[in-house]
Amino acid sequence: MQTITLNIEGMTCGGCVKSVTRILEGVNGVTKAEVSLEQKNAVVEFDPAQTAPAELIEVVEDGGFDAAL
């Protein structure tokens, strides 16, 4: 397993946190996503054989938020 922290912009409320969490946890290979509104980030644990940071950024951005490493 690998863990990365994504910086996420555009979250304004708890609903946004739930949306980003659901988006990330819906990706094959993601075992855990801890999203913080206050810190504007997501700590994501994933299997690098199944997904990659670029794919995680892409799905968050497809969900309407800005994401970067």
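Analyst: Two strands pair if DSSP finds at least two bridges between them. Keep that in mind for Thr-5, which stands opposite Val-43 in β3. Also, this is a predicted model.

User: OK. How many bridges do β1 and β3 have?

Analyst: β1 and β3 pair over 6 bridges, in the antiparallel sense.

User: And β1 with β4, how many there?

Analyst: That pairing has 3 bridges and is antiparallel. Strand β4 covers residues 66-68. Asp-66 in β4 is the bridge partner of Glu-9.

User: What about β2 and β3, which way do they run?

Analyst: They run antiparallel, joined by 6 bridges. In this pairing, Lys-32 stands opposite Glu-45 in β3.

User: How many residues sit between the strands in that hairpin?

Analyst: There are 4 residues between β2 and β3. Look at Lys-40, in the loop between these strands. Its phi is positive, about 55 degrees, although Lys-40 is not a glycine.

User: Is Lys-40 buried or partly exposed?

Analyst: Partly exposed, because its relative accessible area is 41%. Buried would need a value under 20%.

User: Let's stay on β2. Where does Ser-36 sit?

Analyst: Ser-36 lies in strand β2, which spans residues 30-36. Ser-36 counts as buried because its relative accessibility is 16%.

User: What lies 3.0 Å from its side chain?

Analyst: The backbone nitrogen of Gln-39 lies 3.0 Å from a polar atom of the Ser-36 side chain. Leaving aside neighbours within four places in sequence, Ser-36 is in contact with Met-11 and Asn-41.

User: Now Val-30. Which strand is it in?

Analyst: Val-30 is in β2. Its relative accessible area is 12%, so Val-30 is buried.

User: What does Val-30 touch?

Analyst: Skip residues up to four places away in sequence. Val-30 then touches Leu-24, Glu-25, Val-44, Glu-45, Phe-46, Thr-51 and Leu-56.

User: How far apart are the C-alpha atoms of Val-30 and Asp-47?

Analyst: They are separated by 6.4 Å, though the two residues are 17 apart along the chain.

User: You mentioned Thr-51. Where is that?

Analyst: Thr-51 is in the loop between β3 and α2. It counts as buried because its relative accessibility is 5%.

User: Which side chain does its side chain make a polar contact with?

Analyst: The side chain of Glu-55, at 3.0 Å. Beyond neighbours within four places in sequence, Thr-51 is in contact with Val-27, Asn-28, Val-30, Phe-46 and Leu-56.

User: New topic, helix α1. How many residues does it have?

Analyst: Helix α1 has 12 residues, 14-25. From its first C-alpha to its last it reaches 16 Å, close to the 16 Å expected at 1.5 Å a residue.

User: Which residues of α1 are buried?

Analyst: Cys-16, Val-17, Val-20, Thr-21 and Leu-24. Seen down the axis of α1, these buried residues fall within an arc of 135 degrees, so they line one face of the helix.

User: Why do residues three or four places apart point the same way?

Analyst: Because an α-helix has 3.6 residues a turn.

User: What covers the buried residues of α1?

Analyst: The cover includes β1 (2-9), β2, β3 (41-46) and α2 (53-62).

User: And which exposed residues are on the face turned away?

Analyst: Lys-18 and Arg-22 sit on the face of α1 turned away from its buried side. Take Arg-22: it counts as exposed because its relative accessibility is 58%. The cut-off for exposed is over 50%.

User: Last one, cysteines. How many disulfides does the structure hold?

Analyst: It holds 0 disulfides.

User: Is Cys-16 buried or exposed?

Analyst: Cys-16 counts as buried because its relative accessibility is 12%. Cys-13 counts as partly exposed, because its value is 35%.

Definitions and conventions: Residues numbered from 1 in each chain as written. Predicted model: local features only at pLDDT ≥ 70, side-chain atom pairs only at ≥ 80, totals over all residues. Heavy atoms only, no water. Helix = DSSP H or I, 4+ residues; strand = E, 2+ residues; numbered from the N terminus. Buried < 20%, exposed > 50% of the residue type's maximum accessible area, 1.4 Å probe, protein only. Polar contact = N/O pair within 3.5 Å; in protein donor to acceptor, adjacent residues only side chain to side chain. Contact = heavy atoms within 4.5 Å. Expected span 1.5 Å × (residues − 1). Arc of directions from axis to C-beta. Disulfide = S-S within 2.5 Å.
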